Amino acid sequence: MSRFLADARLVAAKDLRIEARSRVVLNQVAPFALLVLVLFGFALDADQRTLRAFAPGLFWVAVLLCALLAIQRSVSVEQADGALSGLRLSGMSPAALFVGKASAVFVQLVVLEVLLTAGIIVLYGSEVDQPLLVFATGLLAAVAVACTGTLYGALASGLGVRETLLPILLLPVLAPVLIGATRAFDDALGSAAVDGWSWLGLLAVFAVVATAGGALAFGALVEE
Amino acid sequence: MTETMVTTGTTTGSGGSRVLGAVTLLGLATLLLFAFGLTEPDVRLHPTTGEEIGQFDAVRLLYLHVPLAVFTYVAFVLCAVASAGYLVRRTPWFDTMAHAAAEVGTVFCGLVLVTGSIWGRPVWNTWWEWGDVRLMTTLVLFLMFAGYLALRRATVDPRAAALRGAVVALVAVLDLPLVNRSVEWWENRTLHQKSTLGELKIQDLTLFTLMLGFLVFGLVLAWLLLHRFRVGWLEREDAELGVATAIAERRAAIDGGDVDAAVGEDA
Amino acid sequence: MTHLGYLIAGWGIALGTLGLYVVSIIRRGRDLARRVPAERSRWLTSTDDGSRG
């Protein structure tokens, strides 16, 4: 078990170090996230009341769009110089590899979520009524998206059409996450009278299934 | 639907499949006769005002829509089972079956959405109802399997396609209850009555026609699966033959001393 | 008959699509069957028992 965690930490640290050096997510995906918020503003006629009412949904759509880019990046990092076969030959268990890659995506997603939260507060005038609910939703949804995304990234890896294929594969599967996280944020930001905490249950179930199922399926995929 | 070709070896038909096709066509004709000729439109009287209410003749779309919907789910479950079978056994049979079921299921699923929408316009007064659980679940399912087929088409290596397809199919089916739950809690206002049919003035003939619909579209599914499976099987054999021929040619080239040509192609 | 347009559209699209799909499957099958020797199509060589699978 400790071996497992050490391996996973190694892979996560590797991906985060690559990110720290290349700054692709920070210099490209983060500005893109803010750009998406601004585009929603243009599309909805810059009416701050409308924007505030729909902020939860817009927030999570922006997260999913950015997640796609982060996952693409996470996959392409492995494709250079046959890095994946190297990792496979290292005797590392595929599950540890999966957890490591997903953790790195998770960290990047959390950073993007923080940035986007600041974005909707500043740009849309959203107010955080329940910080704890925002926090819990953000973490659970990030786990769900990172794990599902890492699995699907592996599914689409090595294909010439990966960039176009990943969204159509991944986004329908994440529909429950989008719905659940949006509703939880509706409560947390006070834009609709729903019980946000009950939605956390759904997100938690999704996150657990995505982590366990992803680790299992990843093993089958990498062995090919 | 069925073909009149008798010469074996040039089609995916066989004796059994031709009988199946003929029975299916006959059943389809009978279903049309019942759905349009023999059953009555759904007309009821409002208990208090005495107005005529109901679905009127639009109910005739249900003899098509409901069986298609049920067999969409049958096909996708079959695909998931075959995919699980592939992950365990790794035989081409399971993979070909999963691919066939997914393709046929996706065609059915698209038709369910279209016929449902056409039925919903006069009965629910809307083409599309956001927040209807079954409608949204079916749409998400359709999109997932559209992705499945796209993935399979994009993957050149047949073993990778089989493996990745199996994972996607299983994820799709496992994800489905979550999609369903989330939509249900999302907007707790389903238009789909617990049973659309329970509300109808069920006459024996209506029920019989619906059952006939199930039978006929079950046969349609069986015919399509059978032939789509055979097409998939032949595709695999064809690809293998192609590889075998290429290897033989390469061998011949090396034996003939034309090493450069043989190796050159690799670069 | 009420809703005749809806009925024709619904049934027409469904049966039309299924018909086209059937034709495409038969066509693909014929194409491939011509290229692959008959003994490799299991449902033609055996006594047609396990052909469904």
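**Figure 1. Helix 7 of chain A and helix 4 of chain B are roughly antiparallel to each other.** The term applies to angles over 145 degrees, while angles under 35 degrees count as roughly parallel, 65 to 115 as roughly perpendicular and the rest as oblique. In this predicted model, local features need pLDDT of at least 70, side-chain atom pairs count only at pLDDT 80 or more, and totals for chains, interfaces and linings use all residues. Residues are numbered from 1 along each chain as its sequence is written, and chains are lettered from A and ligands numbered from 1 in the order in which they are written. The axes of helix 7 (residues 162–173) of chain A and helix 4 (residues 133–154) of chain B cross at roughly 150° and come within 9 Å. Axes are lines fitted to C-alpha atoms, for helices over the stretch in contact, and angles run from 0 to 180 degrees between N-to-C directions. Helices are DSSP runs (H or I, at least four residues), numbered from the N terminus.

**Figure 2. Residues where helix 7 of chain A meets helix 4 of chain B.** The crossing of these two helices is left-handed (the near helix is turned anticlockwise from the far one by less than a right angle; clockwise would be right-handed). From helix 7 of chain A come Leu165(A), Ile168(A), Leu169(A), Pro172(A) and Val173(A). The residues they meet in helix 4 of chain B include Val140(B), Leu143(B), Met144(B) and Gly147(B). By class, this contact of helix 7 of chain A with helix 4 of chain B has twelve nonpolar residues, one polar and no charged ones. Ala, Val, Leu, Ile, Met, Phe, Trp, Tyr, Cys and Pro count as nonpolar, Asp, Glu, Lys and Arg as charged, and the others, Gly among them, as polar.

**Figure 3. Helix 6 of chain A is oblique to helix 7 of chain A.** The axes of helix 6 (residues 131–156) of chain A and helix 7 of chain A come within 10 Å, crossing at roughly 140°. Helix 6 of chain A passes helix 7 of chain A in a right-handed crossing. Among the residues that meet are Thr148(A) and Tyr152(A) in helix 6 of chain A, and Arg162(A) and Leu166(A) in helix 7 of chain A. The contact of helix 6 of chain A with helix 7 of chain A divides into eight nonpolar, three polar and one charged residue.

**Figure 4. The side of chain B that touches chain A.** Here 25 residues of chain B are in contact with 22 residues of chain A (two residues are in contact if their C-beta atoms, placed from the backbone, lie within 7 Å). Helix 5 (158–186) and helix 4 of chain B are the elements that give two or more residues to this side. Helix 5 of chain B supplies the largest share, 15 residues. The residues of this side of chain B are 18 nonpolar, three polar and four charged.

Figure 5. Most residues other than glycine have a negative phi. Arg90(B) is partly exposed, with 13 other C-beta atoms within 10 Å. Asn125(B) counts as exposed because it has 9 C-beta neighbours inside 10 Å. A residue is buried if 20 or more other C-beta atoms lie within 10 Å of its own, exposed if 12 or fewer, and partly exposed in between.
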